[in-house]
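This briefing goes through one protein chain, starting from a single residue and moving out to the whole fold. Keep the sequence and the 3D view open while reading.

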Amino acid sequence: MTAIKVLLVDDDPLVRAGLSLMLGGADDIEIVGEAADGSEVTSLVDRTHPDVVLMDIRMPSVDGLAATEALRGRDDAPQVVVLTTFHADDQVLRALRAGAAGFVLKDTPPAEIVAAVRRVAAGDPVLSPAVTRQLMAHAAGDPGPGDTRRSRARDRVASLNDREREVAVAVGRGLANAEIAAELYMSVATVKTHVSRILAKLDLNNRVQIALLAHDAGLLEETDHP
């Protein structure tokens, strides 16, 4: 079994030590490096080739948002999981827009952080449907240039066919694949295929970004669902 290689990025040495202890105890996880600031991330990734980066959102020089954007622009980008003390603040939302695969709270129980690393390494986002819905509600109050963002988002989703659009809306509502399959009368495998096609068509990293784009385009407002 190939170990999941993890890079820890946090300006607090006690946080890094705690994460190293809890993750290092898992047989299938290897800590390949640690950084105290986002400015160190790119060079460390080049040297250690991690599968997953656990990234603090707030650091003194280069923050986790800038470091995430830099990493996700690479062809061989590792998955990024944001570490935060807040469920849905503006910086977390921006990191997810930049391509982070999810976030975990710093006070999350150790077993759940280990499980989160495994999920992200397997290609699944670290966001429950409930948290996705919370993020959508937070995005509704996002003070960014709404009209411009909506217009650009609508232009992008126009490339989706009707079925892909339905799946994108369901993802935006925070539904899991099995729930989407039941609601749209298709198999889970077909849902996964549609999600993959949406990601490719829209040049997105993960289903979190699908949800945010569906929100930005106003697709969620066009449904009768709460």
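V191 sits in helix α10; helices (H or I, at least four residues) and strands (E, at least two) are DSSP runs, numbered from the N terminus. The model is predicted, so local features need pLDDT of at least 70 and side-chain atom pairs count only at pLDDT 80 or more, while totals for chains, interfaces and linings use all residues. Residues are numbered from 1 along each chain as its sequence is written, and side-chain values use heavy atoms, with hydrogens and water left out.

**V191 and its surroundings**
- V191 counts as buried because its relative accessibility is 0%; buried means under 20% relative accessible area, exposed over 50%, and partly exposed in between (1.4 Å probe, protein chains only).
- Leaving aside residues up to four places away in sequence, V191 touches N177, I180, A181 and M186, where contact means heavy atoms within 4.5 Å.
- V191 and N177 are 14 residues apart along the chain, and 6.3 Å separates their C-alpha atoms.

**The whole chain**
- The chain has 11 helices and five strands.
- Its mean pLDDT is 86, and 90% of its residues reach 70 or more; pLDDT is the predictor's confidence in each residue, from 0 to 100.
- Confidence is highest in strand β1 (residues 4-9), at a mean of 96, and lowest in helix α6 (residues 129-140), at 68.
- The C-alpha trace spans about 50 × 40 × 30 Å along its principal axes.
- Of the 226 residues, 48% are buried.
- Among contacts between residues at least 6 apart in sequence, 68% join residues at least 24 apart.

**The largest cavity**
- One cavity of 30 Å³ or more is counted; on a 1 Å grid over the protein atoms alone, a cavity is a set of points where a 1.4 Å probe fits but cannot get out, and a pocket is an open set with protein on both sides within 12 Å along at least five of seven lines, with lining residues having an atom within 4 Å of a point.
- The volume of the largest cavity is about 30 Å³; grid points are joined across faces, edges and corners, and a volume is the space filled by probe spheres set on the points.
- Its lining includes V157, L160 and A168.
- α11 gives the most to this lining, with three residues.
- The lining has nine nonpolar, no polar and no charged residues; Ala, Val, Leu, Ile, Met, Phe, Trp, Tyr, Cys and Pro count as nonpolar, Asp, Glu, Lys and Arg as charged, and the others, Gly among them, as polar.

**The second largest pocket**
- This pocket holds about 330 Å³ of space.
- It is lined by 14 residues, and R97, R156, L204, Q209 and L213 are the closest to its centre.
- α4 (90-98), α7 (146-157) and α11 (207-216) each supply at least two lining residues.
- Its lining has five nonpolar, two polar and seven charged residues.

- H49 is not a glycine, yet it has a positive phi of about 50°.
- H49 lies in the loop between α2 (41-48) and β3 (52-56) and is partly exposed, at 46% relative accessible area.
- Y185, also not a glycine, has a positive phi of about 55°; it is in the loop between α9 (177-184) and α10 and is exposed, at 76%.
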